[in-house]
Amino acid sequence: MCFVDATNILMCQYAGVTTDDVKEMIKDKASEHGFVLCRIASLSIDHKHKQGLKRWIDADMQADMAWMSEQVRMQRRMQPESMLEGVQSVISVAMPYSPPAYLLDEANDAKGQGVISAYAHGDDYHDVMKKYLKALAADLDVMLGKHDQRVFVDTAPVLEHALAESSGLGWQGKHSLTIHRDLGSWFLLGEIFTTASIEKDEAAKNHCGSCSACIDVCPTQAIVAPYVVDARLCISYLTIEFDGFIPRPLRIMMGNRIYGCDDCQLVCPWNQHASKGSLRLHDLQTGEDSIKPRGENHLPNLASLLRLDDDGFRQLFRKSPIKRTKRAGLLRNVCIAMGNSGKTLFVDDLLSVIADKEPLIRGHAAWALGCLSSANSHQRISLVLHQQLTVETDAGVCEEIDLTIEYLRSKYDDA
Ligand code: SF4
Ligand code: SF4
């Protein structure tokens, strides 16, 4: 067993056990809990990450995520030592997930179906990872003796990619995610902050080189410069975090992505050889995948999703990260995917939600109806939209309906 002495230096009671041995023991233990990578990070955030964050916030690229720019949280991000009194070390870990084969194998054109970001196909990783991190932390309690520790998964003000890079776990790619030379970027990060002093690992070197594949492929040009993602343009932000009317020019670029976007990861050369679905989350405690993909999240039928009421939504996405959007956000995204599908058979589905209780759904349904209108359906659509306008109270929805009516008028000469 190892312990922390009065000066917080990690000691081992067995003669001949070196600090390298201790690190190996920690990493072995992390592996037992499903973490494929485990490295010891630096406690100080690199200047380039601090400057990058500051410039990003100054340019308002955090969009509506007000918590990102709160002063206290900014300070905490810049100073990891503020997250735990007496913290000496940060253990950075990665848990992989499996990108579905259809994303890897072919250009997705399943237009009647929705695409969900690979990490969100199973249970909510926040819950899953936290469970495993806590189990690992409990083991470290035994291994390292008396010390304090805190575990974090994404939600706290922790610059996880900067910490991971400083630990050598991987480098932050131009798309802003962490990449490992062998594993690519299909993994999620977590951290254990501990008062035990563990020698840090060597930082990772950047291997993006002259590549710009992620920048070039981004459907909305959200990677406005290497390492800078403007959340206001990013489909991941728009479909998950943003709870308003999605700017009209961006809707078309969303295609059939209804929750998140993986395009910048899919195109990354470091992911090409990393896995063709071979990387599985291994849950060594149960022998099953920790974040097992759920069948219903594999290219879900758009019409079925649009029929979900509150109870149906809650039931279907219980314990799933998708619940974050609430029904209104997800069905908004479904309306957009329908509008982009070119499938006129969705017209009836969209008409059926034009008086839905959620303004977001009514407004985006109106937009999608304009997209799918045809010589056969435009009069019916126009009639329903005019009727809705007589009772509509939401200004945003009124604007969407007005714009669609105007569009139909100009396209079909509707009265
Ligand atoms: S997640 Fe999609 S929209 Fe966002 S930066 Fe990557 S490719 Fe662009
Ligand atoms: S696609 Fe190229 S530039 Fe982008 S993260 Fe991967 S290696 Fe770096």
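A residue counts as buried when its relative accessible area is under 20%, as exposed when over 50%, and as partly exposed in between, using a 1.4 Å probe and protein chains only. This is a predicted model, in which local features need pLDDT of at least 70, side-chain atom pairs count only at pLDDT 80 or more, and totals for chains, interfaces and linings use all residues. Residues are numbered from 1 along each chain as its sequence is written, and side-chain values use heavy atoms, with hydrogens and water left out.

Start with Glu-165. Its relative accessible area is 7%, so Glu-165 is buried. It is found in helix H6. Take contact as heavy atoms within 4.5 Å. Beyond its neighbours within four places in sequence, Glu-165 then touches Lys-48, His-49, Gly-170, Trp-171, Gln-172, Ala-203 and Ala-204.

Now the whole chain. It has 18 helices and 12 strands. These are DSSP runs, numbered from the N terminus: helices are H or I with at least four residues, strands E with at least two. Of the 415 residues, 54% are buried. Among contacts with a separation of 6 or more, 74% join residues 24 or more positions apart.

Next, a sheet. Strands of a sheet pair through backbone hydrogen bonds, either parallel or antiparallel. Here two strands count as paired if DSSP finds at least two bridges between them. Four strands make an open, antiparallel sheet in the order S3-S4-S9-S6. Strands S3 (37-41) and S6 (149-152) each have a single partner strand, so one side of each lacks a neighbour in the sheet. From one strand to the next, the twist averages 20°. S6 pairs with S9 (residues 187-194) over four bridges, in the antiparallel sense. Phe-152 stands opposite Glu-191 in S9.

For the angles, axes are lines fitted to C-alpha atoms, for helices over the stretch in contact, and values run from 0 to 180 degrees between N-to-C directions. Helix H1 (residues 19-32) lies across S3 and S4 (89-96), at about 140° to S3.

Rings of Phe, Tyr and Trp (its six-membered ring) pair if their centres lie within 6.5 Å; planes under 30 degrees apart are stacked, over 60 edge-to-face, and the rest tilted. The count is seven aromatic pairs. Trp-171 and Trp-270 have ring centres 5.2 Å apart and planes at 80°, so this pair is edge-to-face. It links strand S7 (residues 171-172) to helix H11 (residues 269-272), with the two residues 99 apart in the chain. Trp-171 is buried, at 1% relative accessibility. Tyr-237 and Phe-242 have centres 5.9 Å apart and planes at 35°, so they are tilted. Both are buried. Ring pairs also join Tyr-119, Tyr-125 and Tyr-259 into a cluster.

Finish at helix H18 (residues 395-412). Its 18 residues reach 25 Å from first C-alpha to last, close to the 26 Å expected; that expected span is 1.5 Å times one less than the number of residues. Its buried residues include Val-397, Ile-401, Thr-404, Leu-408 and Tyr-412. Seen down the axis, the buried residues of H18 fall within an arc of 165°, so they line one face. The arc is that of the directions from the helix axis to the C-beta atoms. On the other side, Ala-395, Glu-399 and Ser-410 are exposed. The cover over the buried residues of H18 includes helices H9 (248-253), H16 (359-372) and H17 (378-391).

Technical notes: Chains are lettered from A and ligands numbered from 1 in the order in which they are written.
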